[in-house]
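Hello,

Here is the structure I said I would pass on. Please look through it first, then read the notes below.

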Amino acid sequence: MTTSTLYAICGTVLFGIGFQGAVFCRHLLRKVMALNLMGSGVFLVLIALAARTPSGPPDPVPHAMVLTGIVVAVSATALTLALVRRLHRETGLTELPERIEE
């Protein structure tokens, strides 16, 4: 097993754990953290796919994509946390309701 295969497997596991948290958790802060975990898994898989051959140099394009993705993820997380904070201030809720009342 090569290191890039190990990174790809770890990234897939991280994505799976984050997906489970995003689907099953009702608390909004946990959902934000689960989405960040999913993004970290995707970044790890992209880095693993950047290795062309064990002896050759890695492809720089996926590395640049991951750096750009990290910046976007930090910005999106800050925006999401600001929205969660505003929702809490307006309604007092930090969890999603079971069912939307009509």
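**Cysteines and helix packing**

A search of the whole structure, which is a predicted model, finds 0 disulfides. A disulfide is a covalent bond between the sulfur atoms of two cysteines.

The rest concerns the helices. Two packed helices are described by the angle between their axes and the distance between the axes.

Take helix α1 (residues 3–24) and α2 to begin with: their axes cross at roughly 160° and come within 7 Å. An angle over 145 degrees counts as roughly antiparallel, so α1 and α2 are roughly antiparallel to each other. The crossing of α1 past α2 is left-handed. Sorted by type, the residues of this contact of α1 with α2 are 17 nonpolar, 6 polar and 1 charged.

Next come helix α2 (residues 28–49) and helix α3 (residues 60–91), which pack at an angle of about 180° with their axes 10 Å apart. That angle makes α2 roughly antiparallel to α3.

Which residues of α2 and α3 meet? From α2 they are L28, L29, V32, N36, F43, L46 and I47. On the α3 side they are P62, H63, M65, V66, G69, I70, A73, T77, T80, L81, V84 and L87. The residues of this contact of α2 with α3 divide into 14 nonpolar and 5 polar, with no charged ones.

Regards

How values were computed: Residues numbered from 1 in each chain as written. Predicted model: local features only at pLDDT ≥ 70, side-chain atom pairs only at ≥ 80, totals over all residues. Heavy atoms only, no water. Axes fitted to C-alpha atoms, helices over the stretch in contact; angles between N-to-C directions. Helix = DSSP H or I, 4+ residues; strand = E, 2+ residues; numbered from the N terminus. Parallel < 35°, antiparallel > 145°, perpendicular 65-115°, else oblique. Contact = heavy atoms within 4.5 Å. Nonpolar A, V, L, I, M, F, W, Y, C, P; charged D, E, K, R; others polar. Disulfide = S-S within 2.5 Å. Left-handed = near helix turned anticlockwise from the far one by under 90°.
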